[in-house]
Amino acid sequence: MILAPDDAGRLAEMVAAALADGTPLEVVGAGTKRGLGRPMQTATTLDLSRLAGVTLYEPAELVMATGAGTRLAAIEAELKAQGQMLAFEPPDYGPLYGRPAGEQTIGGVLATNLAGPRRIKAGAARDHLLGVGAVSGRGEAFKAGGRVVKNVTGYDLCKLLAGSHGTLAVMHSVTFKVLPVPEKARTILVFGLDAASAASAMAAALGSPHEVVSAAHLPAPVAARSAVDFVRAAGAAVTAVRIEGPEPSVAVRCAALRELLGLRGPVEELHSSRSSRLWAEVRDVARLLPDADAALWRLSVAPMAGPGVVEAIARDLPAECLFDWGGGLVWLAVAATGDAGAAVIRRAVDAAGGHATLVRAPEPVRAVVAPFHPQPDGLAALARRVKDGFDPRRILNPGRMAPDL
Amino acid sequence: MLMPEPDRATLARRDEIVSALREIVPGGVIDRAEGMRVYESDGLTAYRQLPLVVVLPETTAQVAAVLRWCNAHAVKVVPRGAGTSLSGGALPLADGVLLGMARFNRVLAIDQDNRCAVVQPGVTNLGISQAVAHLGFYYAPDPSSQIACTIGGNVAENSGGVHCLKYGLTTNNVLGVEIVTIDGEVIRLGGRHLDAEGYDLLGVVIGSEGLLGVVTEVTVRILPKPATARALLIGFPTSEQAGDCVAATIAAGIIPGGMEMMDRLAIHAAEDFVHAGYPRDVEALLIVELDGPAAEVDHLIDRVAAIARGCGSVTLRISESEAERLAFWAGRKAAFPAVGRISPDYYCMDGTIPRHRLPLVLSRMREMEGQYGLRVANVFHAGDGNLHPLILYDANRPGELERAEAFGSDILRLCVEVGGVLTGEHGVGVEKRDLMGAMFSEVDLAHQQRLKCAFDPQGLLNPGKVFPTLHRCAELGRLHVSGGKLPFPDLPRF
C-alpha cells in the first residue's frame, strides 16, 4: 500500500494510524536511494512526493524553505535563476542504482546527509539544514531549528535528523541555507601521480592559502572513463584541485597553484564548462566507476590515510578506486560476490580510523553484510536509546540502518 | 529565576560524597567555601550559587569514575570549562558536584596534512590558533571571550564569533569528540574523518550545554590563515540604509569574513573609550571585513565600497594597513567594556532575526526603551542577523535588574515573533530557559528531552538548564496513541 499525504496534518494522521496498527512504513521521497542500506520488509510505503514546493525563498537572506518532497532539480533551477546554489553540492546517486538522474528530492538528500566534492570547504547537507518540521515515530508533529543561520536554542535536532535515513521522524518541511554561485571556477590537473604522491600534493594545495575547495585523484583507468577530453586523453592518473571566486582572484591563485603543483608533475588547467563537468562526474561517481554489477563502497577516512587504506585492501582484493575530499573519501568498486570484500575493507578502515559504507550491492549481499559500518557497543546502545525516544515501536524505516534501529 | 529545589538527602550526604570524590581524584577536590567561591557563578554574574563540592579531574578515566559514582548515587553534576558562559550554563547547584575541566589543558596532536588538531577540552579557543600559528593555520570560530573560553565550553555552547557567516560555528568546525556519559561510558564521535555514519550524535552533543555528556577530547578542523584581510568602516544616516548595504552586499554574491553593525549609542560609547576614529554623526556604523587572497580582497573591497555608496553611506574609509584595520575593529571589540563605562551595569542579549526585520526590531526596541525607562546600545553581527542589544541599568537601584530582565525577555520574544530565535550563540542556560515556550511547543520540547533521556535517563547532568520543566523520562517515554488503542497491550512499552 502507498500512502501519499499532501499536507503535514494528513502525514501526522497517517503516522499515528500506522503507530496504532503497528504497521512499519518505508519512508521515501522519489525512492532513488532505495538501494542504500539494509533491505526492509515493509508492506506500506509512505511517499512524500506530494509534499512539494518552495514555500520561502529570500536570496538576500540566503535562505530557502520547501516541502521535503520537492525535487532537488526544481530547487536548483530556482536557485540558479538568482545566482545561488546549495554549496554542499548534493550528489545524485540515482544512476548508481539504475534510476534516471534528476529525480531525487531535497528530503532524501538531507535524510542521507550527502555532500559532493565541495564538502571539504562548504560542509555536508547537515551543515546547511537550518530548520525542520517533522512527525516522529510517536505520530507527533514537532519542529526543530529555525530559519536563521545562527541558532543555539535547544538541541540541534536538525543534525540528528540529517543522516538518520528516515528512521527517527518523517520530515515534511525543511529550511536550508543557500549561497551565491562563485563567479568563476577553474581546475588544475596534475598528471601521472601515484595515490600517495597525489595525497601529498592535495594536502599541499589544501594547506596553502589559495582556498582550494575540492581535491580529487583519479587513477589512470578511472580517468580514462571521463567525458572531459583533457582527463580522458591523459593516459595517466589525474589529480585535480578546484578553486572558485571572483575572476581576478581565481587568475592569481591558479597561477600560484600551477607553480606549487608543477613541481610534482605536468600540469594543465580546466576552465568553466570542462571544470564543472569533471566535478559533476566525481560527485555522482556512476560514470567513472561504470561497472553496473560491481559492489560499491564509500570510505571516509583521514585524508592522508586514504592511499594506505586502499593499498592494504588491494593486497587481498581486486578493486578500482577513486579519491575525493583530498584523499579522505574513497570510492571502491569490487566484485559483488561473497561479502563484497567487507571483512578486508572494514579491517583496513578500522586500522586507520573511519567508516566504510556499502553503498551498492545486490540485496542478498546487503542482507548479510551490514551496509553501514558496525559501531562500538556503547555507541550502538546510545543510538538504540535515541531510536527508542523518537520511534519506540520501530515503525519508520525499521532496520534500514541497523537491525535494531 | 527558580532553580530546582536542592535535594536535602544529597546535602546531608555531603561528607560521603566529598570523600568518594577524593578517592577518585586525590588532590583534586575543593570543598571549603572560600575555595569554591571562584566557581559560584559564570559570565552571567547576576546568578550565584556555591556548589556542593568542586572536583578537578585530570584524566578521562577519572571523569568516567566520577560520573559513574554520581550516577550510581543519584548525585547531580554541573560541568564547567572556563566559566565564561553568558547564559548561566555553568551556574552551580547547591546539591550538585561541579566538575571543572581546567586541568585538561594539553594540545595532544597537530596534524597539518589532515588539517586538524586534537586537543583537550580545557585548551582555550585562542590557544588552539596559537598552537598552529607557526604552520600558517588557525581555528576559525572566534567568540569574543576567546582568550579565556575553552574549546570544551565552545563545544557545549556551539560558540560563534564575528567570522561565522563565512566560516561557520563550532559545529561546522569540529570533526570529533570523546565524551563521557553519566553512566561512565567513554564514547568517541567522529574523528579525523568526515561525516561519521549513524545518527549524528556529534552534531547533537555540540550545543547541548553540558546536558548530554562531558567532553574529554576534541578534534578540530584547522584552516590555512587567509593571505590578507582588509576592512571598510562605513557610516550611514539610518540603520535601514546600513541594513540595505548588508543585504545588497550578500545579494551581489559577496560573503565577507565579518560584517558588524553598531548603533549611535554604541558608536559613541566605543569612540569615547578607545578613540578609534569612528564618525559620531551617523546612526549606524558598519565594519565589513574581506579576507582571503590579496587579489580577491582588493577586488571585493572596491565592489563593497560602491554598494555602500549606492546605499547612501555618508562616511567611508578603507583600511590601507594592518594597523588601520585593527583600529577599525578596536572600537567594536571594546564595545562591551565601553558600554560598561557609561552605565554601572549592562545586560547583554543574544537573539537572532532574519536580517531584513532589523529596522522593525530596532524601532520596537526604541518604544520599549520608553516603556521600561532603560536605554539600549546595539551591537549586531549584521551578516547573520545575530543581535546583541546591551540593556543599560544600575543594579543598585531597586527593581532595575528585574526591569532589565523583563525588557530583555520582551526583546527575545520580539526576535521569535519576527521569525528569529532566542539565542544565536550564548546558549539558553538558565537565562532563557523560561522563554523556551515562546519558540517551542510542549511537543517540540518533549522531543528534545527524549534525546536527553537517551543520554542521561536520571536527568543528573546540568539539570535546571535549557528546559523550563523537568519531565521524568518515564513520563516522556509513554506512548500516546490517538484514534485507537495500542494493539498488543501486553507488549512492554517505554
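**Chat: chains A and B side by side**

Trainee: How do helix 9 of chain A and helix 11 of chain B cross?

Mentor: In this predicted model, the axes of helix 9 (residues 247-262) of chain A and helix 11 (residues 294-310) of chain B cross at roughly 170 degrees and come within 8 Å. Angles over 145 degrees count as roughly antiparallel, so that is what helix 9 of chain A is to helix 11 of chain B.

Trainee: Nice. Which residues meet there?

Mentor: From helix 9 of chain A you have Pro248(A), Ser249(A) and Val252(A), and they meet Ala295(B), Glu296(B) and His299(B) of helix 11 of chain B. By class, that contact has three nonpolar residues, two polar and one charged.

Trainee: And the whole contact, how many residues does each chain put in?

Mentor: Chain A brings 82 residues and chain B brings 83. On the chain A side, helix 14 (residues 377-390) gives the most, with nine residues.

Trainee: Switching topic: what is chain B built from?

Mentor: Chain B has 18 helices and 18 strands. Its C-alpha atoms fill a box of roughly 70 × 55 × 55 Å along the principal axes.

Trainee: How much of chain B is buried?

Mentor: Of its 494 residues, 56% count as buried. Also, among contacts in chain B with a separation of 6 or more, 71% are between residues 24 or more positions apart.

Note on methods:
Residues numbered from 1 in each chain as written. Chains lettered and ligands numbered in written order. Predicted model: local features only at pLDDT ≥ 70, side-chain atom pairs only at ≥ 80, totals over all residues. Axes fitted to C-alpha atoms, helices over the stretch in contact; angles between N-to-C directions. Helix = DSSP H or I, 4+ residues; strand = E, 2+ residues; numbered from the N terminus. Parallel < 35°, antiparallel > 145°, perpendicular 65-115°, else oblique. Contact = placed C-beta atoms within 7 Å. Nonpolar A, V, L, I, M, F, W, Y, C, P; charged D, E, K, R; others polar. Buried ≥ 20, exposed ≤ 12 C-beta atoms within 10 Å, placed from the backbone.
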